[in-house]
Amino acid sequence: MKIDFEKILAASKELKGNIVNTPFVRANKLSSNFNTNIFLKLENLQLTSSFKARGACYAIMKHTLADSNRGIITMSAGNHAQAVAYFANEFNVSSTIIMPEQAPFSKVSRTKELGANVILKGRTLNETSDFVNNLAKEKNLKLIHPYDDYDVISGQGSIGIEIFEKINELDCIVVPIGGGGLISGISIVAKKINPKIKIFGVESDLYPSAYNKFKKKNLFCSGDTIADGIAVKTPGEKTFPIIREYIDDIILVDDISIENTISNLFEYERIISEGAGAAGVTAIIENSSLFKNKKVCS
C-alpha cells in the first residue's frame with residue numbers, strides 16, 4: 001500500500017465526527033517576543049489529549065470494517081496507548097496494550113481505565129517489539145503500530161488538512177518526530193498544497209534517531225528525557241522514506257530548552273503542553289533568526 005494526499009484527504013473526511021477539529025490559534029505573545037508569527041494547532045485538546053487519537057481512530061475504523069471480531073494489539077509509552085484503548089472501546093474491539101516498564105504511572109492508569117488489557121514489558125518501545133509481534137501471532141491480534149502504519153499516518157495527516165483549511169500562506173511547519181508518523185502525514189499534505197513550504201522536524205538531542213539517518217550521523221541515542229513521547233531509537237521503515245523525501249531539515253533541542261518552552265507556553269499563552277508537544281515551539285524559539293518574520297505553525 002502506498003500513501004498519498006488523496007488517501008489522507010479521504011481519511012480526514014472519514015474522521016469527521018469521530019475526532020475533534022482542534023483549535024488553530026496565533027501565539028500572540030510568543031510571536032511578539034521572537035519576531036515571528038507562531039501559529040499553534042492545539043492537539044492537547046484532542047480526544048485523549050493527543051494527536052494520536054487521529055491515527056488510532058482511523059486505523060481501528062479500517063480494521064473493524066475488515067475484521068470486527070479480531071482483537072487488536074499495540075505498544076506505546078502512553079498517548080497512542082490511550083488512543084487505541086479509547087477507540088477500541090468505542091468500536092467494541094478488545095485491545096491489548098504493551099507499555100514500557102518506565103511508562104508514566106498516570107498514562108498506564110488511564111489506559112487501564114479505558115478498558116485495555118495492559119502489559120508492562122521492557123524499558124523502551126524498541127525493547128517491546130519482539131514481544132508484541134510474537135504475542136500478536138500467538139493470539140491472532142491485529143497490530144496497530146504507533147507510527148509505522150499507513151492508516152495511522154493517514155489519520156495523523158488529517159491535521160495538515162485542518163491547518164490549510166485555516167491558513168494558506170504558511171512559510172514553515174515545525175513538527176516533533178518520534179517514530180515519524182505525524183510529520184509523514186503532515187508533510188505529504190503540506191507539500192501537495194504548497195510545494196514551496198519548508199517542513200522542519202524536531203527531535204530531543206537525547207534521541208536523534210531520524211536526525212542521524214537524515215544527516216548520516218552517529219550521535220548517541222539514549223537517556224531520560226522530558227519529551228518521552230518522542231524518545232524513539234529507530235525511525236519507522238514506512239515513515240523514514242517519507243521524511244527523507246518531503247522534509248527540509250531536522251532540528252535538535254535539549255531538555256532545559258523544552259522545559260523553558262513549557263513554562264513560556266503557560267505563562268504567555270495559557271497553554272499546557274507536555275514535553276514532546278512543546279518540542280516544536282522550542283525549535284522555533286531556539287532558532288528565532290531562522291524563522292524571523294515567517295508564518296510558522298507547530
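Asn 92 is exposed, at a relative accessible area of 69%; exposed means over 50%, buried under 20%, and partly exposed in between, with a 1.4 Å probe and protein chains only. The model is predicted, so that local features need pLDDT of at least 70 and side-chain atom pairs count only at pLDDT 80 or more, while totals for chains, interfaces and linings use all residues. Residues are numbered from 1 along each chain as its sequence is written, and side-chain values use heavy atoms, with hydrogens and water left out.

Asn 92 is located in the loop between helix 4 and strand 4; helices (H or I, at least four residues) and strands (E, at least two) are DSSP runs numbered from the N terminus. The phi of Asn 92 is near 60°, a positive value in a residue other than glycine. Lys 216 also has a positive phi, near 55°, and is likewise a residue other than glycine. Lys 216 belongs to the loop between helix 9 (209–215) and helix 10 (239–246), and with 75% relative accessibility it counts as exposed.

Strand 4 (residues 95–99) pairs with strand 5 in the parallel sense over four bridges, where pairing requires at least two DSSP bridges between two strands. Within this pair, Thr 96 has Asn 117 in strand 5 as its bridge partner. Both strands belong to an open sheet of four strands with the order 5-4-3-6 and parallel pairing. Its edge strands, strand 5 (117–120) and strand 6 (142–143), each pair on one side only.

A further open sheet has six strands in the order 1-2-10-7-8-9, with mixed pairing. Strand 1 (24–26) and strand 9 (249–253) are at its edges; each has a single partner strand, so one side of each lacks a neighbour in the sheet. Strand 1 and strand 2 (residues 37–41) are paired in the antiparallel sense over three bridges, and Phe 24 has Lys 41 in strand 2 as its bridge partner.

Helix 3 (residues 52–67) packs with helix 4 (residues 79–90) at an angle of about 40°, and their axes are 8 Å apart. Axes are lines fitted to C-alpha atoms, for helices over the stretch in contact, and angles run from 0 to 180 degrees between N-to-C directions. Helix 3 is therefore oblique to helix 4; angles under 35 degrees count as roughly parallel, over 145 as roughly antiparallel, 65 to 115 as roughly perpendicular, and the rest as oblique. In contact (heavy atoms within 4.5 Å), residues of helix 3 including Ala 53 and Ile 60 meet residues of helix 4, among them Ala 83 and Phe 87.
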